[in-house]
Amino acid sequence: MTTIDLGTIRRLVSVTVDDVEHRVPEGATIMDVLDGAGCDTPRLCQAPNLTPVNACRVCVVEVEGSRPLVPSCARRVEDGMVVRTDTERVAHSRRMVLELLESANDMSQAGDDVARWSVEYGADPERYGPPGPPAAAGERGNRHPGHHAEPDGETRATVAQPVTVDNDLYVRDYARCILCYKCVEACGTDAQNTFAIAVAGRGFDATISTEFAVPLPDSACVYCGNCIGVCPTGALKSVAEHERREAGIWDPDDETVTSTICSFCGVGCTLELHVQHNTIVNVTSPHDHSVTHGHLCIKGRFGFQHVQNL
């Protein structure tokens, strides 16, 4: 007798979004419902292959009966839930989050979606004044935790600082880091289980760091690059991409993406080769792939030089 595994059977619940009723599986998040309804919901810390951490708060919505706004990426739906995404309160909150992030961080490499959301919600980081001077290399990590200097009232505080390059594979550009925690999740239980990085410091001086702030070669990092794969702002990127951007030859308009299977072992990971001007510049993997779930090892992500060393 043949048996068929139907997986987990979930009942459908009723959720009303902006006066439209939807029937969705129990256990889905509000963001799942919004995506299914075609809503353009801003997000920075959410990724389909990571556990939600509710860090950026740009996806908040109003839920009937809830006093605070709730993050749609993590809040599970309930039968009879009423959600509103089009209120002034939601728009104001999203605008403030985008403004504060853009006032302190370099968001120029965060992608077209972020730029579009900023325009849509009217974010104006310039109203906080011109940016303050950048910090010297290592300065923010050496400040007394939790201590903040009195603002001068003329410039806005920023996380601007030099790029950290301490290995041959990827760089850390903390001037772009918004503390979304996605790299920490990918390095931890969601993917690699290496736990090489975590959040250090307090308040505005909090930053992603290795244990005891040692250079990456001296840390537990295994250079899988899964932190790069989930970074939404360009704070983490390959050395190849960083050098091309610095040289002014980074050309995303010329970029093509070709799928192939990694040949280094028998696992069968799907690779997406990002090619510019006939040169491989990055390697990624689709997040919905049943083998990789978007994650790779050091060979799959960085071991491509032999392909073009003619």
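This is a predicted model: local features need pLDDT of at least 70, side-chain atom pairs count only at pLDDT 80 or more; totals for chains, interfaces and linings use all residues.
The domain assignment of the protein gives domain 1, residues 7–132, and domain 2, residues 159–307. The C-alpha centres of domain 1 and domain 2 lie 25 Å apart. To the contact between them, domain 1 contributes 18 residues and domain 2 contributes 23 residues. Together the two domains bury about 1700 Å² between them, and 55% of this area is on carbon and sulfur atoms. On the side of domain 1, Asn49, Leu50 and Gln109 supply 37% of the area buried against domain 2, more than any other three residues.

Helix H3 spans residues 112–121. Within H3, the residues Val114, Trp117, Ser118 and Tyr121 are buried. These four residues lie on the same side of H3, because they cover an arc of only 100 degrees around the axis. Helix H2, residues 88–104, is part of what covers the buried residues of H3. The face of H3 turned away from the buried side carries Asp112 and Val119, which are exposed. After H3 comes Gly122, and the phi of Gly122 is positive, near 70 degrees.

Asn167 is placed in the loop between H3 and strand S6, the latter formed by residues 170–172. Asn167 has a relative accessibility of 10% and therefore counts as buried, the cut-off being under 20%. Polar atoms of the Asn167 side chain lie close to two backbone nitrogens: the distance is 2.8 Å for the nitrogen of Leu169 and 2.9 Å for the nitrogen of Tyr170. Leaving aside residues up to four places away in sequence, Asn167 touches Leu216, Pro217, Tyr223 and Val239.

Two of the residues around Asn167, namely Tyr170 and Tyr223, also meet each other. The count of aromatic pairs in the model comes to one. This pair is formed by Tyr170 and Tyr223 and is edge-to-face, with 6.3 Å from centre to centre and 65 degrees between the planes. The pair links distant parts of the chain, since Tyr170 belongs to strand S6 and Tyr223 to the loop between strand S8 (207–210) and helix H5 (226–230), 53 residues apart. Tyr170 counts as buried because its relative accessibility is 4%. Tyr223 is buried as well, with a relative accessible area of 16%.

Notes:
Residues are numbered from 1 along each chain as its sequence is written. Side-chain values use heavy atoms; hydrogens and water are left out. Buried means under 20% relative accessible area, exposed over 50%, partly exposed in between (1.4 Å probe, protein chains only). Helices (H or I, at least four residues) and strands (E, at least two) are DSSP runs, numbered from the N terminus. The arc is that of the directions from the helix axis to the C-beta atoms. Contact means heavy atoms within 4.5 Å. A polar contact is a pair of N or O atoms within 3.5 Å; within protein, one must be able to donate a hydrogen and the other to accept it, and residues adjacent in sequence count only if both atoms are side-chain atoms. Rings of Phe, Tyr and Trp (its six-membered ring) pair if their centres lie within 6.5 Å; planes under 30 degrees apart count as stacked, over 60 as edge-to-face and the rest as tilted. Domain bounds come from an automatic or database domain assignment. Buried area is the accessible area (1.4 Å probe) that two parts lose on being put together, summed over both.
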